[in-house]
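Here is a short briefing for a first look.

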Amino acid sequence: MTERQDLDAAPPGMGPERPQGEDALRGDQMVLNMGPSHPSTHGVLRLVVTLDGETVKAVKPYIGYLHRGMEKIAEGMTYTQFIPYTDRMDYLAPLSTNVGYVLAVEKLMEITAPPRARVIRVMCCELARISAHLLWLGTGALDLGAATVFFHTFRERETLYNIIESLTGGRLTTSYPRVGGLCRDMPDGWTRQVRAFVNGFPRVLDELDVLLTGNQIWLKRTQKVGVITAEDAVALGVTGPNLRGSGIAYDVRRTEPYLGYENYEFDVPVGEHGDVYDRYLVRFEEMRQSVRILDQALRNIPAGPINIDDPKVVLPPKDRVLQSMEELIQQFMIVTEGFRPPPGAVYHAIEAPKGELGFYIRSRGDKSPYRLHIRAPSFISLQAIEKMAVGGLVSDLIAIIASLDPVMGEVDR
Amino acid sequence: MAAGPYIEPNPPKDVAEGLRTAFADAGLIVEEFRGEITVVVPRERLVEVARHLRADRDCPFEMLTGCAGLHFLEGEFEHEVVYVLYSLSRNRRLTLLVRLKPGEGVASLTGVWPGANWPEREQYDLVGIRFEGHPDLRRIIMPEDYPDHPLRKDFDVEGGPVSLDGSGKPASPGWRDMEHA
């Protein structure tokens, strides 16, 4: 028989020689790995957190778990073929990303979509914004223990997905806009669907408002938590609601209006304190403003074509393809060869739900871009997490991630 | 909750001209395409120009919006680095472009705009551009032990990464090399 260990003896470092009393609580730091698969990280964000007790001493984000090499993929296909990939970037607002991409290509080719297409695109962007913000609100509240909000927001998102499905044929993977216009016109009765949503949604927002805005638990979890000053946010390049929460009214729809945003009346809500609560207020108000924009767009949908008249860029109508040789060749050429924008480089930015979404395209006159760089707002905003979280509690970190609203499909691309 | 004002977008042509006067000896080239102004800056003057733009009294560029790297197989230059700057107070954009010969790195702009950190890491990771003086130049998207820079034009898209350590041996077998048992 082998000798048994004395199980009652303390293991090394745990006996009486160990510091006792208050000293025992000082100095020991713990490294906590959060993610990449953790419900509160909203995807595959991995944070390595150094903790002293419950206080966060350092945060190191690790990203790339959802990297699919989209920028490289773009170099090997035609400009139109890349549109479906943009669905998979910000998968919470694919319509918005689609529009951002085609606008960049259109800028490169000096194309402006017809007025009808522009209004429909505005509606797409705002529906996407509401849908993305609703998800942020629901999951953010769920992270902090307010489960009721989640069910209300997801009921509304279901309505939105039905609207998007009627328009594009897909709920998540929309791929709706095309360079020079849209892939199809609105179906009959679609505006009625949107009108019903626009009329009913403000009341839902009021209900959600009551659930959280004055809620004592919510206030205690979000106020003075994850503060970032305007100077820091600007220096780090943070955009979108995360920047506006710190009091800077930078909104690309205002500063560099695209799609005729200068013709719509809407406010750009800004916060004051740069904390989680102000970012919450900003996003909440943005949903109301999006409803305002949708309402104006619904009143002024111009008649007319949805695509520009350029047979080298836009596919011919299907019925004509089957009857006429010219249109058949045209369709064949666009599908196989695509179109060739002139050589040059453009950067075009839109105000996506997460912030400034920019596409930098370098063309050498080929059918595919020589380089496509995507300036993803979530990627840049995540840099700020260290500034916001260090010095706070580990439970605040959950609130901070939710308030930054990163979407990893866009961070990793 | 105040509403922001509508501001007319304005191409920063005068900014670029002012830059050319301030750095008369640097040989800056100003290009315009689709209403965007790009200033081609010599590699060794980049930080100086960036600091000047950041602190410009008439039109300070408070924000580095993004950074993109390009790789070329032919020609005198191997890399180009593009910086998109934005002036919040004057609502203007300006693009800086730096051309790098083979083997050359470029000074990091993290000292001017802290937000250059991740974008520069990304371009180092994907394109293989060295940013000198960067505080934390690690891979950010690809795994830490990944041997290649996938956005380089010589990256083998179909066969996986090939040797970079000079041994001539592929770092990992491509699908074409794999034997089917």
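Domain bounds here come from an automatic or database domain assignment. With those bounds, the centres of domain 1 and domain 2 of chain A, taken over C-alpha atoms, are separated by 30 Å. The model is predicted.

**Domains of chain A**
- Domain 1 of chain A covers 22-62.
- Domain 2 of chain A is assigned as 70-308 + 342-412.

**Where the two domains touch**
- Domain 1 of chain A brings 15 residues into contact with 17 residues of domain 2 of chain A.
- Which strands of chain A each supply at least two residues of the domain 1 side? They are strand E2 (46-52) and strand E3 (55-62).
- E3(A) gives the most to this side of domain 1, with 6 residues.
- By class, the domain 1 side that touches domain 2 of chain A has 8 nonpolar, 5 polar and 2 charged residues.

**Where chain B touches chain A**
- Chain A puts 41 residues into the contact, and chain B puts in 33 residues.
- Three elements of chain B give two or more residues to its side: strand E3 (63-71), strand E4 (79-87) and helix H3 (117-127).
- The largest share of the chain B side comes from E3(B), with 6 residues.
- How is the chain B side made up by class? The side that touches chain A has 23 nonpolar, 7 polar and 3 charged residues.

Conventions
Residues numbered from 1 in each chain as written. Chains lettered and ligands numbered in written order. Predicted model: local features only at pLDDT ≥ 70, side-chain atom pairs only at ≥ 80, totals over all residues. Contact = placed C-beta atoms within 7 Å. Helix = DSSP H or I, 4+ residues; strand = E, 2+ residues; numbered from the N terminus. Nonpolar A, V, L, I, M, F, W, Y, C, P; charged D, E, K, R; others polar.
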